[in-house]
Amino acid sequence: MDFTVILIFVVLSAITALMMIFVFRKRSAAGLEDASSDYAEGLNLLLAGDTEKALKKFKEAVTKNSQNIDAYLKIGDILRESGQFDRAVNVHKYLTVRTTLTAKQKREIYQSLVMDYQAAQEYDKAFDVLGKIISEDKNNTWAHEMKLKLYEQKEEWEDAFQVYKNLKKISKEFKNGRLALYKVQEGLKLSKNGKEKDAQARFRDAIKIDSQSPPAYIYLADSYRNEDRKEDALKVLKQFVEKVPSQSFLAFELIKELLYEGGVYGEIENFYLEIINSQPDNHEAKLALAENYKKKGEIEKAVNLCSSILESDPSNKAAKQYLIRLYHHTGQKDEALNLAIELIEASSKHKEKFRCSKCRHESDKPFWRCPGCFEWETAIQN
């Protein structure tokens, strides 16, 4: 073959190869660009709440670019949120074997995997993954808080107590009151299982940790009452009223029941008077005493007490409501009507007394752990 022909063949082959490389690179770049576009569109759909279309876009993104770790993460998270726990676990576990992960990506994958196991209630596996996170970063607040949440879900209150106690070293939001509430929960669980003495010990521990913890006093008194230890129960409740005057109304009903059961009816009035003398602004005690006067037929005394509340707190809704009932009882219809009109004009739409500041769960009774979102100490009065 002529040398010139060979040379031309070689040159043409080289040009063809270069063109193929150029086309391949151009297609690859276009593919990556398409993948980025799919990923961005998936994020927008996710923000808009259209998880089905978002999932489709993320799948298209990883098909075009298998290195998009965040898209894989989102796929697994969407599967978990739709209840497909096993598929979510498979997606996230698949990512853990990659050798090119950054520390941040690895941490995010483990976090998603923990949430997969949590949703599937496979707590032991969740704890194993949390252990890996903490072994690499012992001060990882997210991991410790998730560990705490898992113990709460399992109602393992002693373990929750210890984890929260350890959080004191790394968390700025640590509260002794939460430790007391864990002791209260532990006590309630023991009481439910018939271990009343152990339960009482936990309630007393809670009071030592936080002398301002209402449920610790109330449940301890209730436990004593169950054992027919009425005097001990009353002693605890009186201690509570002295220590936590702002929440003293929580104990009034139980105190009244204990005094009635003990046959010492006259003590009820003395009890409320003692509180009012030491806490003149305790409107709840005044209302409770007014109710006691009404039952005894001493209506004028009851009216005077309600009126004294409105003198210092003109917008007090409870005092107005009770005064309306008293006026109605005595036939003072005009006075009752005027107060009722005031109430209607100033009334809020919410009838409930307590509301969760996070999920807005509402209740007419106080709560220390929200029944709606299970967050702690979020109840506020409307």
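What follows is a chat about this predicted model.

Me: What does the secondary structure of the chain come to?
Reply: There are 18 helices and three strands. Keep in mind that the model is predicted.

Me: How much of the chain counts as buried?
Reply: The chain has 382 residues, and 39% of them count as buried.

Me: And the contacts, what share join residues at least 24 apart?
Reply: The share is 42%, taken among contacts between residues at least 6 apart in sequence.

Me: OK, at what angle do α5 and α6 cross?
Reply: Roughly 160 degrees. Helix α5 covers residues 103-119 and helix α6 covers residues 123-136. Their axes come within 8 Å.

Me: Are they roughly parallel or antiparallel, then?
Reply: Roughly antiparallel. The cut-off for that is an angle over 145 degrees, and therefore α5 and α6 qualify.

Me: Is the crossing of α5 and α6 left-handed or right-handed?
Reply: It is left-handed.

Me: Which residues meet there?
Reply: From α5, they include Tyr110, Leu113, Val114 and Tyr117. From α6, they include Ala126, Val129, Leu130 and Ile133. By class, the contact of α5 with α6 has nine nonpolar, two polar and four charged residues.

Me: What about α6 and α7?
Reply: Helix α7 covers residues 141-153. The axes of α6 and α7 come within 10 Å and cross at roughly 160 degrees. That makes α6 and α7 roughly antiparallel. The crossing of α6 and α7 is left-handed.

Me: And who makes that contact?
Reply: On the α6 side, Phe127, Leu130 and Ile134 are among them. On the α7 side, the residues include Trp142, Met146, Leu150 and Tyr151. The contact of α6 with α7 divides into 11 nonpolar, two polar and one charged.

Me: Change of topic. How many residues are in the largest nonpolar core?
Reply: It has 55 residues. Phe252, Ile255 and Leu326 have the most contacts inside it.

Me: Which helix gives the largest share of this core?
Reply: Helix α13, residues 249-261, with eight residues.

Me: What does Leu326 touch?
Reply: Lys294, Ile299, Ala302, Val303 and Cys306. That leaves out residues up to four places away in sequence.

Me: Now loops. Where is Glu155?
Reply: Glu155 is in the loop between α7 and α8, and α8 covers 157-167. Its phi is near 60 degrees, a positive value in a residue other than glycine.

Me: Why does Glu155 count as partly exposed?
Reply: Because its relative accessibility is 43%. Partly exposed runs between the buried limit of 20% and the exposed limit of 50%.

Me: What is phi of Arg360?
Reply: Near 70 degrees, again a positive value in a residue other than glycine. Arg360 lies in the loop between β1 (354-356) and β2 (362-363).

Me: Last one, Ser213. Buried or exposed?
Reply: Ser213 counts as buried, because its relative accessibility is 4%. Ser213 is found in the loop between α10 (196-209) and α11 (214-226). Leaving aside neighbours within four places in sequence, Ser213 is in contact with Ala180 and Leu181.

Methods
Residues are numbered from 1 along each chain as its sequence is written. This is a predicted model: local features need pLDDT of at least 70, side-chain atom pairs count only at pLDDT 80 or more; totals for chains, interfaces and linings use all residues. Side-chain values use heavy atoms; hydrogens and water are left out. Axes are lines fitted to C-alpha atoms, for helices over the stretch in contact, and angles run from 0 to 180 degrees between N-to-C directions. Helices (H or I, at least four residues) and strands (E, at least two) are DSSP runs, numbered from the N terminus. Angles under 35 degrees count as roughly parallel, over 145 as roughly antiparallel, 65 to 115 as roughly perpendicular and the rest as oblique. A crossing is left-handed if the near helix is turned anticlockwise from the far one by less than a right angle, and right-handed if clockwise. Contact means heavy atoms within 4.5 Å. Ala, Val, Leu, Ile, Met, Phe, Trp, Tyr, Cys and Pro count as nonpolar, Asp, Glu, Lys and Arg as charged, and the others, Gly among them, as polar. A nonpolar core is a set of buried Ala, Val, Leu, Ile, Met, Phe, Trp, Tyr and Cys residues joined through side-chain atoms within 4.5 Å. Buried means under 20% relative accessible area, exposed over 50%, partly exposed in between (1.4 Å probe, protein chains only).
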